[in-house]
Amino acid sequence: MTPQNLMLLPLSTPKLSIGCPLLDHCLGGGIPCNSITELVGESGSGKTQLCLQLTVRAQLPPSHGGLGGSSVYIFTEFSFPFRRLQQLGNLYHASYPNLIRLEPLEDIYVHGVHDAQELIHVLRDIEAFIAIDHTRLPVKLIVIDSIAALFRSQYQTTPADLKRRSEMFFNISGTLKGLANKYGLAVVVTNQVVDFIGPHHGVNGVRLGNLESLDTSGRRVSPALGLAWAHCINSRVFLARHEQSIEVDIRNAPSTSIRSQTHRTFHLVFAPHMAYESAEFVIKKEGIVGVSQ
């Protein structure tokens, strides 16, 4: 790399907007291309909702915060939420009728996998799929939802299995980073959390990123897959949820009623050259939206 070549590099990495200025600010503009962004959180925290939202927004041109591209969505557990994706697609088409086609799902390619080895094969097929360039829009986003599900029961805790698991982590992340850099893609993976009990801050006494500990639903948690996987990603976003009981006045009732209200928070745990940021958000019909405090 010569000084002359450095001058030819783009000044900034393209980013995919979440569609909310508050949450985009937390990420320095959005989900970056050429790298892996992890969304980690418990079930119901909003990980899949955000991923679905990104696959539709990716179709918007860069002038509107998108990438002008299609998406590949790899799901690893449960059934894929086609109905919710269709709802989001219809809403975005209504908002951007000249920018998003009538059937936005036609630019989202969905594939299910059941184990880590199958994912490796699928990623190779995806590279061939991208290279052939048969899609209406170039593939600009890959989503894996979730990475932890692929390793839930396939590997034991023996030293040999842990070594094989770590090798698989680096194989998967290396392939994803290669695709991201070669084709200018954004890669988003979701991860689950496990309960954490210990006297030290961080994981095994090691603090990762801007937060000393992760808390959700009154529990102290840590991202699944441990330190080996943490070294495979570029950015980590923690989606936390907390239930709060509030008193609600009911008209013509002699007393108040206690109801549960969910508060969700978006935390930037770590990202290259980024300081800690956080914002509260809600999940609405039109997707995930930040809330000003």
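Me: A salt bridge puts a side-chain nitrogen of Lys or Arg within 4 Å of a carboxyl oxygen of Asp or Glu. How far apart are the closest N and O atoms of Glu127 and Lys182?

Reply: This is a predicted model. Glu127 lies in helix 5 and Lys182 in helix 6, so the pair ties together parts that are 55 residues apart in sequence. Glu127 is partly exposed at 30% relative accessibility, while Lys182 is exposed at 56%. The two form a salt bridge, and their closest N and O atoms are separated by 3.3 Å.

Me: Which element gives the largest share of the largest nonpolar core?

Reply: That core has 40 residues, and Leu176 is among those with the most contacts inside it. Elements giving two or more residues to the core include strand 3, helix 6 and strand 12. The largest share is seven residues, and it comes from helix 5.

Me: Which cysteine sulfur is nearest to that of Cys20, and how far away is it?

Reply: Cys20 is buried, at 6% relative accessibility. A disulfide needs two cysteine sulfur atoms within 2.5 Å, and the whole structure has zero disulfides. For Cys20 the nearest cysteine sulfur is that of Cys26, at 8.4 Å.

Methods. Residues numbered from 1 in each chain as written. Predicted model: local features only at pLDDT ≥ 70, side-chain atom pairs only at ≥ 80, totals over all residues. Heavy atoms only, no water. Core = buried A, V, L, I, M, F, W, Y, C linked by side-chain atoms within 4.5 Å. Buried < 20%, exposed > 50% of the residue type's maximum accessible area, 1.4 Å probe, protein only. Helix = DSSP H or I, 4+ residues; strand = E, 2+ residues; numbered from the N terminus.
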